[in-house]
Amino acid sequence: MKFRKILFTFFIFSSSKIFCQQYTLKECIEKGKQNNTAVKLAEQSLETRQQLLQSSKNNNLPKVDFLGGYNYIGEPIRINMQQVKDGIVEGSANQSANSANTVYQQITGNPLPQQVQNVIYQTSKDIISAVYPNYNPAIAKQSYFLAGILVRQPIYLGGKLNAAKELTKQQVESGKANLESSQNLTAYNIALNYIQVMYLNSMIERQEKIVESLEKNENYAQNLLKAEIIPPYLKNWSNITKLQGETNLKNLKLEKENALLTLKDLMGISLDEPLEIQEKLNESIEVPNFSSSEKNTDLKLLLSKKKEAETTNDITKSLSRPNIFAIGNYQFFRKDLPLITPPWLVGIEMQWTIFDPERKSRNLASQSLVKEADLLINQKQKSLDLATKISENKLLSFKEQSETFDAARKQTYTTTEMVRKRMENSLSSVKDVNDALQLQYEAEKLYYTSLVAYQTVIATYFYITGNIDDITKYIP
């Protein structure tokens with residue numbers, strides 16, 4: 001029964017190792033570029049800008065609107081009869097006189113005497129004035145429906161359409177630069193975290209060897225205690241030292257688990273997904289060929305933003321130019337319309353803002369935005385040049401430092417072995433061996449810390465110069 005439990009435990013342990021996904025740094029970066037939340041957000045932003053660009057390509061096409069509505073007026077529409085009274089009375093009287101004159105002339109061949117015409121004119125005027133309404137009649141309907149089609153075709157907008165289209169193009173370019181910047185930053189953070197995992201792998205391996213040596217030292221001390229060669233406190237000292245070594249090993253493994261969780265988050269995968277990194281720090285130190293920072297993605301983004309600012313300035317200038325449209329309106333439904341108007345019309349419409357108190361301020365603001373972009377680009381370029389130079393100097397410095405620490409840690413191996421042999425010949429104590437092992441561990445920690453610093457600077461250098469993917473040539 002006990003054998004079966006041991007076999008089952010071994011099977012579970014082996015299966016977890018077999019099915020646990022192994023990733024190289026290159027694979028981690030590729031995964032992060034696909035799944036990282038910041039990258040996905042940048043991709044979505046780019047897609048939005050591309051859709052806006054597609055929309056702007058149609059901004060010179062006519063705009064067709066359906067206009068329809070129901071209107072109710074507060075009072076009935078009234079015909080102002082008094083305003084036209086004099087014209088109607090005068091016209092009717094003249095018409096009566098002229099008609100009488102025409103009839104008389106057709107019968108007799110002679111025109112009607114002027115005195116008679118005057119009598120007919122005055123009589124007609126008096127009669128019409130007497131019967132003419134002294135009020136303004138109202139139209140009974142107070143509500144009506146209207147429906148039609150309005151077409152508006154831009155003819156000249158002072159360059160606004162082209163400038164708006166150019167702005168959306170620049171926004172797409174900015175979106176691409178922002179996506180590249182997000183991908184590079186994600187790759188950089190993944191590289192830093194991957195280096196941390198490799199450091200922990202190296203330290204775990206070294207600490208396991210230290211713990212193994214401490215166990216041997218404890219067993220040796222136990223034998224010496226049985227032989228009454230050393231006092232009990234020396235044996236207790238070896239026990240405490242071994243426990244400290246085991247505690248350090250557990251802490252390193254916990255740190256690795258936390259680093260792997262952070263790495264999963266950067267890669268955009270589930271925190272429960274199995275992931276294992278077994279690579280250790282590369283002890284082969286190579287200084288890369290130095291290059292400029294022209295490919296830096298943040299600098300590219302700023303350059304794209306400057307072009308956006310310049311295009312915005314063009315749009316602001318175009319606001320002072322007139323807009324000319326061709327218009328057409330056709331009303332196909334005019335139920336109960338109180339006034340009969342033509343069903344359709346076409347024409348040319350011009351809109352020109354003659355006075356705008358904010359125009360000057362907007363122009364100055366857009367010009368200031370371009371200058372601000374220039375200053376930001378200049379500041380970023382200087383910052384990149386400084387960071388690149390500092391990184392180059394640090395690479396050379398850490399290379400020499402790592403070589404020095406490497407020689408020092410190798411010397412501690414010799415020292416530990418010498419102290420162990422002296423202990424076996426009763427020329428040194430168990431505590432001396434433990435101290436030598438502790439010194440060896442500290443020397444190895446310094447060496448691997450210098451390697452981490454060196455590889456971190458390499459990753460930073462490639463990130464600054466815009467070549468972050470090149471880090472995979474130096475880190476497996």
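The following is a dialogue on how the terms used for this predicted model are applied.

Visitor: What kind of model is this, and which residues count for local features and side-chain pairs?
Guide: The model is predicted: local features need pLDDT of at least 70 and side-chain atom pairs pLDDT 80 or more, while totals for chains, interfaces and linings use all residues. Residues are numbered from 1 along each chain as its sequence is written, and side-chain values use heavy atoms, with hydrogens and water left out.

Visitor: What makes a stretch a helix or a strand here?
Guide: Both are DSSP runs numbered from the N terminus, a helix being H or I over at least four residues and a strand being E over at least two. Helix α6 covers residues 160-226, and strand β3 covers residues 143-156.

Visitor: What does the span of α9 look like against the expected value?
Guide: Helix α9 (residues 359-424) has 66 residues and an expected span of 98 Å; from first C-alpha to last it reaches 93 Å, which is close. S426 follows α9 and has a positive phi, near 65°.

Visitor: Why is α3 called roughly antiparallel to α6?
Guide: Two packed helices are described by the angle and the distance between their axes. The axes of α3 (residues 37-56) and α6 come within 9 Å and cross at roughly 170°. Axes are lines fitted to C-alpha atoms, for helices over the stretch in contact, with angles from 0 to 180 degrees between N-to-C directions. Angles under 35 degrees count as roughly parallel, over 145 as roughly antiparallel, 65 to 115 as roughly perpendicular and the rest as oblique. The α3 and α6 pair is therefore roughly antiparallel.

Visitor: Which hand does the crossing of α3 and α6 have, and which residue classes make up the contact?
Guide: The crossing is left-handed; that term applies if the near helix is turned anticlockwise from the far one by less than a right angle, and right-handed if clockwise. The contact of α3 with α6 has eight nonpolar, ten polar and five charged residues. Nonpolar here means Ala, Val, Leu, Ile, Met, Phe, Trp, Tyr, Cys and Pro, charged means Asp, Glu, Lys and Arg, and the others, Gly among them, are polar.

Visitor: Why are α6 and α7 given the term roughly antiparallel?
Guide: Their axes come within 8 Å and cross at roughly 165°, so α6 and α7 are roughly antiparallel to each other. This crossing is left-handed, and the contact holds 18 nonpolar, twelve polar and nine charged residues.

Visitor: What makes α7 roughly parallel to α10?
Guide: The axes of α7 (residues 232-267) and α10 (residues 430-464) cross at roughly 20° and come within 9 Å. That angle makes α7 roughly parallel to α10. Their crossing is left-handed.

Visitor: Why is S174 called buried?
Guide: Buried means under 20% relative accessible area, exposed over 50% and partly exposed in between, with a 1.4 Å probe and protein chains only. S174, in helix α6, has 1% and is therefore buried.

Visitor: What joins the side chains of S174 and S304?
Guide: A polar contact of 2.5 Å joins them. The term requires a pair of N or O atoms within 3.5 Å; within protein, one must be able to donate a hydrogen and the other to accept it, and residues adjacent in sequence count only if both atoms are side-chain atoms.

Visitor: Is S391 buried or exposed?
Guide: S391, in helix α9, has 6% relative accessibility and so counts as buried. S391 and T460 are 69 residues apart in sequence and 7.5 Å apart in space, C-alpha to C-alpha.

Visitor: Why does Y156 count as partly exposed?
Guide: Y156, in strand β3, has 38% relative accessibility, and therefore counts as partly exposed. Y156 and M350 lie 194 residues apart in sequence, with 9.3 Å between their C-alpha atoms.

Definitions and conventions
The expected span of a helix is 1.5 Å times one less than its number of residues.
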